[in-house]
Amino acid sequence: MKDTLVFDIRNIKDWDFNVYEVLIPPSKLELDFEDIEFMSQVRGSVHLLRHSDNDVYVKADVTTEIEMQCGKCLEMFICDIAALFEVQFTSNRSHDQEDSANIEEGERYFDGETFDISEDTRRALVIQIPVWPLCSQGCEGLCQHCGENLNDKYCTCEDIVDLEEDVSDISSPFAGLSQLLESAKLEKPEKSKNNKERILKNGSSKT
């Protein structure tokens, strides 16, 4: 078990996969973040294949545990993150300087007899950290009225709000407007009838 991601090319056999099990403290990979805590060591396996003199093909599969805050309920939770990456290392002896474009394409250069995949491992793990973390896909989040965690307790705020809205509708000065209008329509014919009766009684209708 290796506790480093630095490899000596002299120990790598030609044209044969060399497999190394690794267990690396997060501090060695500079995995220090304000809102995320790495709970366990980075563990996994690294496959190395040496070919064309000093060229080495690397395939690594690593995993670790992190603790972070849920984006909905704001509770801390622990989850696994895993990364799989491949990269090609070539001796810098045949190159005047490192080509930055090749870094993005998965090609690296190294000096001397050793090469280090620490930065590649760090980048691969950081990419796997969720941008919008959720403690679970079914997380209910927090009540927008009282702040209660709906995953732990049923909240009655929604029922109360609905009741308050119903009461508000009833107590509104416009709530009985439709009833008043309907009553006015019924009273109008009755008033007209009474007026006709008074006219006939007083004889005002005679010509």
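Predicted model: local features only at pLDDT ≥ 70, side-chain atom pairs only at ≥ 80, totals over all residues.
Residues are numbered from 1 along each chain as its sequence is written, and side-chain values use heavy atoms, with hydrogens and water left out.

Now the overall picture. The chain has four helices and eight strands; helices (H or I, at least four residues) and strands (E, at least two) are DSSP runs, numbered from the N terminus. In sequence order the pattern is β-β-β-β-β-β-α-β-β-α-α-α. Of its 207 residues, 31% count as buried. Buried means under 20% relative accessible area, exposed means over 50%, and partly exposed lies in between (1.4 Å probe, protein chains only).

Back to E4, which covers residues 42-51. Eight of its 10 residues are buried, so the strand is largely enclosed by the rest of the structure. What does E4 pair with? Strand E2, residues 17-24, is joined to E4 by eight bridges, and the two run antiparallel. Two strands pair if DSSP finds at least two bridges between them. Within this pairing, Asn 18 has Leu 48 as its partner in E4. Strand E5, residues 55-69, is also antiparallel to E4, with nine bridges. E4 and E5 form a hairpin with three residues between them, and Ser 52 in the turn has a positive phi of about 50°.

Next, the salt bridges. The structure holds four, a salt bridge being a side-chain nitrogen of Lys or Arg within 4 Å of a carboxyl oxygen of Asp or Glu. I will take three of them.

Where does Arg 50 come in? Asp 14 forms a salt bridge with Arg 50, with the closest N and O atoms 3.2 Å apart. This pair links distant parts of the chain, 36 residues apart: Asp 14 is in the loop between strand E1 (6-8) and E2, and Arg 50 is in E4. Arg 50 counts as buried, at 17% relative accessibility.

Asp 120 and Arg 108 also meet in a salt bridge, at 2.7 Å from N to O. Here helix H2 (residues 118-127) supplies Asp 120 and strand E7 (residues 107-110) supplies Arg 108. Asp 120 is buried at 8%, and Arg 108 is buried at 12%.

Finally, Asp 8 forms a salt bridge with Arg 10, at 2.8 Å between the closest N and O atoms. Asp 8 counts as buried at 18%, whereas Arg 10 is exposed at 59%.
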